[in-house]
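This briefing goes with the structure shown below. Please look at the structure before reading the points that follow.

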Amino acid sequence: MKLILLGAPGAGKGTQAEILSKELGIPTISTGNILRAAIKEGTPVGLEAKHFMDAGKLVPDEVIIEIIHERVAAEDCKNGFILDGVPRTIAQAESLEKAGIVFDDVVSLEISDEVIMERMSGRRVCEHCGASYHVVAVPPKAEGVCDKCGGALIRRKDDEPGTVKARLEVYHRETEPLKEFYAQRGLLRPVENQPTVAENSQAILRAIGR
Ligand code: AMP
C-alpha cells in the first residue's frame, strides 16, 4: 500500500499519517520531519534547508528528491509507506513516477485557509520525535510533554502567522496543481475536513476503501 497525503500546511497530514501508519502497519515518511532532524544534527542538508524553511519557502527539489528516494529504498518500506508532505511540486511527483513508484491512492485533505490560520496558532510538535499535537484538538497527556517519547513540545518557528500565510501561498501555487496531476491518473481522493481528528481518519479510510 503506497499512499500520498496532500493538503495545505496545518491540514492535519502529520496527525492523520501517524494514525494511518498504525492502522495500515506501514511507515510514514515526512520530509518536514527528516529536514528538521537534519537541522538539529547540523548536517549539510540541514544547513541548506534551514533558511528556506524558516521563510516558509520550499526546499529545492534536488534536495528533496535525493532524500525521498533514499528513504523509500529502506527495508521498512518494502510493504508500502505513507508520504506526508511530499511530493510538493510537479517535479517531485514526476521524479517518483520516473522511479517506477506506483501509488494506490492520493488523499487530498480539503480545508479552508481561514480554518488553517486559526488552527496553526495551537499546533505544537515534539522537539525530539516530531509527533504533532494541538493545544485544544489533540492535547498531550501532560502539558508540554510528548506522549510518545517524553520530549519537549515546542511551537515551530514556521508556524508564526506571517510564515503560515507565506506557506499557504506556496501551497496554492506549487502544490495544489498536484491534485490535477493525480486526478488525471485516477488516484485523487478528496476528503473534506471533519469536525474531529477521529472523523477525519474515518473519512480517509472510507476514501481509500478500507
Ligand atoms: P512540513 O513539516 O511538511 O510542513 O514541512 C516544513 C517545511 O519543510 C516546508 O515549509 C518546506 O520548507 C520544507 N519541506 C518539507 N517537505 C518538502 C518538500 N516535499 N518539498 C519542499 N520543501 C519541503
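Helix α2 passes helix α3 in a left-handed crossing. The model is predicted.

**Helices α2 and α3**

- Helix α2 covers residues 31-41 and helix α3 covers residues 44-54; their axes come within 8 Å and cross at roughly 115°.
- On the α2 side, the contact is made by Gly 32, Leu 35, Arg 36, Ala 38 and Ile 39.
- On the α3 side, the residues are Val 45, Gly 46, Ala 49, Lys 50 and Met 53.
- Sorted by class, the residues in this contact are six nonpolar, two polar and two charged.

**The five-stranded sheet**

- Five strands make an open sheet with parallel pairing, in the order β2-β3-β1-β4-β8.
- The edges are held by β2 (28-30) and β8 (188-192); each has a single partner strand, so one side of each has no neighbour in the sheet.
- From one strand to the next, the twist averages 20°.
- Helix α9, residues 197-207, packs on this sheet and touches β4 (105-110) and β8.
- The direction of α9 makes about 155° with that of β8.
- Strand β2 pairs with β3 (residues 81-84) in the parallel sense, over three bridges.
- Within this pair, Ile 29 is opposite Leu 83 of β3.
- In a regular strand, side chains alternate between the two faces of the sheet.

**The three-stranded sheet**

- A further open sheet has three strands in the order β6-β5-β7, with antiparallel pairing.
- Its edge strands are β6 (132-134) and β7 (153-154), and each of them pairs on one side only.
- Strands β5 and β6 are joined in the antiparallel sense over three bridges, and Val 125 stands opposite Ser 132 in β6.
- The hairpin of β5 and β6 has five residues between the strands, and Gly 130 there takes a positive phi near 85°.
- Strands β5 and β7 also pair in the antiparallel sense, over two bridges.
- The bridge partner of Val 125 in β7 is Ile 154.

- Helix α2 gives the largest share, six residues.
- By class, the lining residues are seven nonpolar, three polar and 10 charged.

Notes:
Residues are numbered from 1 along each chain as its sequence is written. This is a predicted model: local features need pLDDT of at least 70, side-chain atom pairs count only at pLDDT 80 or more; totals for chains, interfaces and linings use all residues. Side-chain values use heavy atoms; hydrogens and water are left out. Axes are lines fitted to C-alpha atoms, for helices over the stretch in contact, and angles run from 0 to 180 degrees between N-to-C directions. Helices (H or I, at least four residues) and strands (E, at least two) are DSSP runs, numbered from the N terminus. A crossing is left-handed if the near helix is turned anticlockwise from the far one by less than a right angle, and right-handed if clockwise. Contact means heavy atoms within 4.5 Å. Ala, Val, Leu, Ile, Met, Phe, Trp, Tyr, Cys and Pro count as nonpolar, Asp, Glu, Lys and Arg as charged, and the others, Gly among them, as polar. Two strands pair if DSSP finds at least two bridges between them.
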